[in-house]
Amino acid sequence: MGLFNFVKEAGEKLWDSVTGGDDQNKKLQDHISSLNLPGSDKIEVKVADGKASISGEALSQELKEKVLIAVGNVAGITAVEDNVSVQQTAPEATFYTVKKGDTLSGISKEVYKDASKYNKIFEANRPMLSHPDKIYPGQTLRIPE
């Protein structure tokens, strides 16, 4: 649990500006649902002034982290407050913010000291990532142990 910061200008564009309210809560909730993450229907999102607060119960640590980055990687969201409990505990992944010129293999080499482990990062960020080459500066990625 805690507060995670994100790059405001990076991410999927779901609206013109982030002020909060039921419409933005619903759009973020629909965004999470569209990812078809098992158990994501038990997660609730509230938005106010660029900050998203996520609560509920996740099936796993992995699901919780995927929801956090899916919400944080929406343009206009600057922070995500994590109030999600987890049924199946596991070690927490670290987060990495993509810089200009980064590739998954480059990130893998930096993190794991082995560029060929890029697929581990790709799989850890599916379904938010559709292809290993489709990352962008400012995007936050899960980096599993």
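Mentor: A residue is called buried when under 20% of its relative accessible area remains. Keep that cut-off in mind for this predicted model.

Trainee: Which residues of strand β6 are buried, and on which side does each lie?

Mentor: Strand β6 covers residues 140-143. T140 and R142 lie on one side, L141 and I143 on the other, and all of them are buried. Both faces of the strand are therefore covered, given that buried means under 20% relative accessible area.

Trainee: In which sense do β5 and β6 pair?

Mentor: Strand β5, residues 94-97, pairs with β6 in the antiparallel sense, over four bridges. Within that pairing, F95 stands opposite R142 of β6.

Trainee: How many helices and strands does the protein chain have, and what pattern do they follow?

Mentor: There are four helices and six strands. Along the sequence they are arranged as β-α-β-β-α-β-β-α-α-β. The radius of gyration is 15 Å, close to the 15 Å given by the globule rule for 145 residues, so the protein chain is as compact as a globular protein of that length. Its C-alpha trace spans about 45 × 35 × 25 Å along the principal axes.

Trainee: How far apart are the mean positions of the positive and negative charges?

Mentor: The protein chain has 18 positive and 21 negative charges, and their mean positions are 5 Å apart.

Methods. Residues numbered from 1 in each chain as written. Predicted model: local features only at pLDDT ≥ 70, side-chain atom pairs only at ≥ 80, totals over all residues. Heavy atoms only, no water. Helix = DSSP H or I, 4+ residues; strand = E, 2+ residues; numbered from the N terminus. Rg over C-alpha atoms; globule rule 2.2 N^0.38 Å. Lys, Arg positive; Asp, Glu negative; His and termini not counted. Charge placed at Lys NZ, Arg CZ, Asp CG, Glu CD. Buried < 20%, exposed > 50% of the residue type's maximum accessible area, 1.4 Å probe, protein only. Pairing = 2+ DSSP bridges.
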